[in-house]
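Morning, everyone. I want to talk about pockets today. Have a look at the model first.

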Amino acid sequence: MTRRTTSSESQRPARRGARASQVGLESRTRAWLRHHRAMWLDSAQRLAKRPLSSLLTMLAIAIALVLPSGLWLALDSARLLDAELDESATVTVYLDTRLDERAAMDVAARLRDQAPVAGARLVTAAEGLAEFQQGVGLEDALASLEDNPLPAAVVVTPADTDPDSVRVLASNLEAVDGVDEARVDLAWLERLRRLAELGQRLALALAGLFGLGVLLVVGNTIRLAVESRRQEIEVVTLIGATHAFVRRPFLYSGAWYGLGGGVLAIILLVLGGHWLSAPVTALAESYGAHFTLPRLGFGGSVLLCFCSTLLGWLGAWLAVGRHLADIKPR
């Protein structure tokens, strides 16, 4: 017996099966940005709920950053001092004592034309004796001399202050007619540059060691946070959350730790600079010089905060990546 279809049944729409819904790229991008914003705020709120422990972690990071940063500032001041000493590097050329003042001027003109010479200043025998009298304080004793025993000299400023170049220049100047001796003392300049090179390598070594210390501090803190949220991680992993989704809030926490440590390091450096500025200025004035401690400035502060944030993020990434492999949903 065949079943007759009524008119109402024939008018019903045919049922369709399940359809796969595809999410567009724009929707996925908006969701990704919303989750980043939510995790950024959530990680900051979690740190604010534990102010003492968060502050201690940031302070440990700041102390690890202050030492290499302070050494870097000290090397910066040494570079400024090295530049000033380079400007004062000269070669003293003693002329033949038999030359009169006119002949000495001619020799000074020839020395000025030598390469690479930035400048040459003639010091006559009379001027040299006057400067010597003022320097040693024996005006009466030296005034009784019948003849001036000092020769005329030419103070030559080299264009290239490299020690090897200055030595070559001194040997070339000695070959000029009328020159008795060219004297240059580069031992102090070489020692200063060797100390600066040693300081640079020491700063790099300290930066590497204390950077590793920052990674360990942040990594240990994030490891404890991962263990405290272990059940939550197991649940979201069980419903299909990826490792990137689980790792994201901890990465922001590590970045917050690093940024806070960088800001505290800047504050400590500023306070230390103010504390040391007065005795350093007094010491420089006692030697008749003007010297101020270099400061980080805006560019140095931004660079320090960027490096500290990057170290915090990297420490969190290493810690979370290691522990996510051990967490299995049950």
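The largest pocket here has a volume of about 470 Å³. This is a predicted model, numbered from 1 along each chain as its sequence is written. Local features need pLDDT of at least 70, side-chain atom pairs count only at pLDDT 80 or more, totals for chains, interfaces and linings use all residues, and side-chain values use heavy atoms, with hydrogens and water left out.

Quick terms. On a 1 Å grid over the protein atoms alone, a pocket is an open set of points where a 1.4 Å probe fits, with protein on both sides within 12 Å along at least five of seven lines; lining residues have an atom within 4 Å of a point. Volume is the space filled by probe spheres set on the points, which are joined across faces, edges and corners.

So what lines the largest pocket? There are 20 residues, with P68, S69, W72, A207 and L304 nearest the centre. Two or more residues come from each of α3 (51-88), α8 (187-228) and α11 (297-324). Helices are DSSP runs (H or I, at least four residues), numbered from the N terminus. α3 gives the most, seven residues. By class, 15 are nonpolar, four polar and one charged. Nonpolar means Ala, Val, Leu, Ile, Met, Phe, Trp, Tyr, Cys and Pro; charged means Asp, Glu, Lys and Arg; the others, Gly among them, are polar.

Now the second largest pocket, about 330 Å³. It has 17 lining residues, and L73, L269, G272, G273 and P294 lie nearest its centre. α10 supplies the largest share, seven residues. The lining divides into ten nonpolar, six polar and one charged.
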